[in-house]
Amino acid sequence: MESFAVLLGLIMLVFGVLQIVLFFKLWGMTIDIKKIKNETCKEFSTDDLQWKIRALILLNRKEQAEELIVQYFIEQIYDMGHSGILLTRWKNQCRESLERLGLKLPEQIEKLSTKMDVENLFSIKKLNAKASDLK
């Protein structure tokens with residue numbers, strides 16, 4: 001009976017140590033996942049975007065800065081589902097950024113006010129028609 005208690009105690013001790021090791025391994029993996037996520041999903045963080053735009057302005061590349069601002073606006077619409085409230089906020093941010101460069105908001109973006117407008121602007125038929133007009 002006493003040997004059974006000792007054996008049970010040793011088994012519990014081994015499992016306890018293994019659970020502690022497993023806890024720290026899982027903790028380490030969550031940190032790795034956060035690093036991977038940050039590296040793969042950091043295309044457009046707002047701070048990075050502002051620094052890129054400032055760098056382009058200093059290099060006197062307003063056209064590239066304008067493209068970056070508009071591209072960020074389009075990414076926001078695509079990622080967030082282009083609800084009306086957010087659309088207005090992003091349009092205002094885009095307009096303010098472009099006005100600082102002395103540029104105007106593109107007419108197609110200025111006309112956007114609803115989810116349907118966004119869907120119409122980015123519809124496949126319209127994009128194909130625009131592409132054929134360019135040829």
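Modeller: Relative accessible area under 20% means buried, over 50% means exposed, and anything in between means partly exposed. The model is a predicted one, and in this model F24 has a relative accessibility of 47%, so F24 counts as partly exposed. F24 belongs to an aromatic cluster that also takes in F23 and W27. Aromatic pairs come to three in number, and one of them joins F23 to F24 in an edge-to-face arrangement, with 5.1 Å from centre to centre and 75° between the planes. Another aromatic ring, that of W51, has R54 over its face, at 4.8 Å from the ring centre.

To set this beside the rest, consider the largest nonpolar core, which has 20 residues, and in which I53, I69, F73, I77, L87, C94 and L112 are those with the most contacts. Two or more residues of this core come from each of α2, α3, α4 and α6 (115–121), and α3 gives the largest share, seven residues. In soluble globular proteins, nonpolar side chains tend to be buried together.

There is also the largest pocket, with a volume of about 380 Å³. Its lining is made up of 16 residues, and those nearest the centre of the pocket are Q50, I53, Q93, S97 and R100. At least two lining residues are supplied by each of α2 (46–58), α3 (62–80) and α4 (84–100), and by class the lining holds nine nonpolar, four polar and three charged residues.

Terms used: Residues numbered from 1 in each chain as written. Predicted model: local features only at pLDDT ≥ 70, side-chain atom pairs only at ≥ 80, totals over all residues. Heavy atoms only, no water. Phe/Tyr/Trp six-rings, centres within 6.5 Å; stacked < 30°, edge-to-face > 60°. Buried < 20%, exposed > 50% of the residue type's maximum accessible area, 1.4 Å probe, protein only. Lys NZ or Arg CZ within 6 Å of the ring centre and 35° of its normal. 1 Å grid on protein atoms, 1.4 Å probe; cavity = no way out; pocket = protein on both sides within 12 Å on 5 of 7 lines; lining within 4 Å. Points joined across faces, edges and corners; volume = space filled by probe spheres on them. Helix = DSSP H or I, 4+ residues; strand = E, 2+ residues; numbered from the N terminus. Nonpolar A, V, L, I, M, F, W, Y, C, P; charged D, E, K, R; others polar. Core = buried A, V, L, I, M, F, W, Y, C linked by side-chain atoms within 4.5 Å.
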